[in-house]
Amino acid sequence: MPQSTPPTGRASASPLPSMPATSARNWRDYALLVALACCWSSTYPLAKLALDTIPPVTFISARSLIAAAFLFAILWMRGVRIPTDAKAWKLFATQQLINSTFPFLIITWSQQYVPASSTVVLASTTPIFAFLITSLITRHEPATLLKLLGAILGLAGTIVIVGLDALRGFGSEIVAEIAILLATISFACATIFGLRLSEYDPMVVAAGSLLFGGLVLLPPSLIIDQPWTLHPTPTAITATIVMGIVSSALGLMLFYMCLGRLGTLTTNAQGYLRIPIGVGLSVLLLGESVPSNLALGLVLVMAGVAAMTVPTERLKRC
């Protein structure tokens with residue numbers, strides 16, 4: 001009788017980007033999308049609490065390493081082996097660079113010159129860039145006009161929520177604004193490249209990517225920030241740990257699960273859901289005021305998300 005071996009983080013699937021079968025989608029898949037939006041929405045208030053006393057590079061490195069440690073512990077308890085081949089780690093490294101390390105550093109730098117409201121609007125163009133890349137270049141899944149309309153409605157809802165004043169300052173810091181757009185294009189490319197990782201367990205991909213991202217930023221953190229000289233508050237430390245586990249570990253794992261089940265364009269719809277959820281968390285955790293235009297913005301956002309997520313087959317049956 002052959003000996004059983006521990007399961008690996010690899011599944012039998014094509015490494016090429018492909019569109020998940022829409023007929024297999026059910027309410028659980030869309031529940032994962034909402035859960036992903038909730039996890040990543042916590043980024044806004046938690047980062048604000050942590051960055052008061054922890055520099056950005058050290059903060060990103062710390063939360064990534066905490067998240068990686070959390071996921072590796074769960075993988076060890078599950079008995080799942082981590083891939084050791086160079087191909088897997090090359091994929092993990094590439095995905096982390098374009099989905100986290102590069103865009104987060106660029107946005108962090110740009111926020112010194114661009115107001116937060118303008119940053120939110122610019123960062124919310126990711127679904128539109130994903131649509132254009134999918135429609136014009138990769139064509140790995142149907143890029144319908146309804147999905148484009150959904151992306152535009154979601155962006156409009158985002159602008160309404162953060163306020164029309166966010167549009168007035170555009171062009172004053174053109175270099176920083178272009179940098180944010182480059183970061184959003186990087187995010188869009190990551191959702192497409194991430195399909196190449198569908199042959200691996202989502203938790204394995206998240207753990208490997210976060211470990212690489214944390215280790216890459218560790219030397220700059222040690223040299224520039226000298227973490228041993230910092231005096232982070234208990235609130236900042238708690239926010240970093242919670243963000244590492246919830247936003248980074250669970251969020252990234254859910255992200256790869258959604259990519260495999262819903263495809264890139266639908267997964268990108270969670271970017272719009274994060275706006276109203278993030279506003280709600282900011283009101284709850286930070287005591288910020290509720291925007292007067294939240295209701296209208298929420299209607300536009302939900303209409304956009306609905307247009308981006310409804311399966312094409314369901315429309316044809318109506």
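Rings of Phe, Tyr and Trp (its six-membered ring) pair if their centres lie within 6.5 Å; planes under 30 degrees apart are stacked, over 60 edge-to-face, and the rest tilted. The model is predicted, so local features need pLDDT of at least 70 and side-chain atom pairs pLDDT 80 or more, while totals for chains, interfaces and linings use all residues. Residues are numbered from 1 along each chain as its sequence is written, and side-chain values use heavy atoms, without hydrogens or water.

**Stop 1: the rings**

Select Trp40, Phe255 and Tyr256. Ring pairs join these three into a cluster. How many aromatic pairs does the ring rule give? The count is 4.

Now select Trp89 and Phe92. Their ring centres are 5.3 Å apart and their planes meet at 75 degrees, so this pair is edge-to-face. Both sit in helix α4 (residues 86-110), 3 residues apart, or about one helical turn. Helices here are DSSP runs (H or I, at least four residues), numbered from the N terminus.

Is Phe92 buried or exposed? Phe92 is buried, at 0% relative accessibility. Trp89 is partly exposed, at 26%. The cut-offs are under 20% relative accessible area for buried, over 50% for exposed, and partly exposed in between (1.4 Å probe, protein chains only).

Go back to Phe255 and Tyr256. Their centres are 5.1 Å apart with planes at 65 degrees, so they too are edge-to-face. Both residues are buried.

**Stop 2: the cores**

A nonpolar core is a set of buried Ala, Val, Leu, Ile, Met, Phe, Trp, Tyr and Cys residues joined through side-chain atoms within 4.5 Å. The largest one has 33 residues. Select Leu71, Phe92, Leu197, Tyr200, Leu252, Phe255 and Tyr256, which have the most contacts inside it. Helices α1 (27-41), α3 (56-78), α4, α9 (202-225) and α10 (234-262) each supply at least two of its residues. The largest share, 9 residues, comes from α10.

Zoom in on Leu197. Setting aside neighbours within four places in sequence, Leu197 contacts Leu91, Phe92, Gln95, Val205 and Tyr256. Contact means heavy atoms within 4.5 Å.

Then select Ala37, Ile159, Ala269 and Ile275. They belong to a second, separate core of 16 residues.

**Stop 3: helix α10**

Where is its kink centred? A kink of about 35 degrees is centred on Met243. The bend at a residue is the angle between axes fitted to the seven residues ending there and the seven starting there. Last, select Gly263, which follows α10 and has a positive phi, near 90 degrees.
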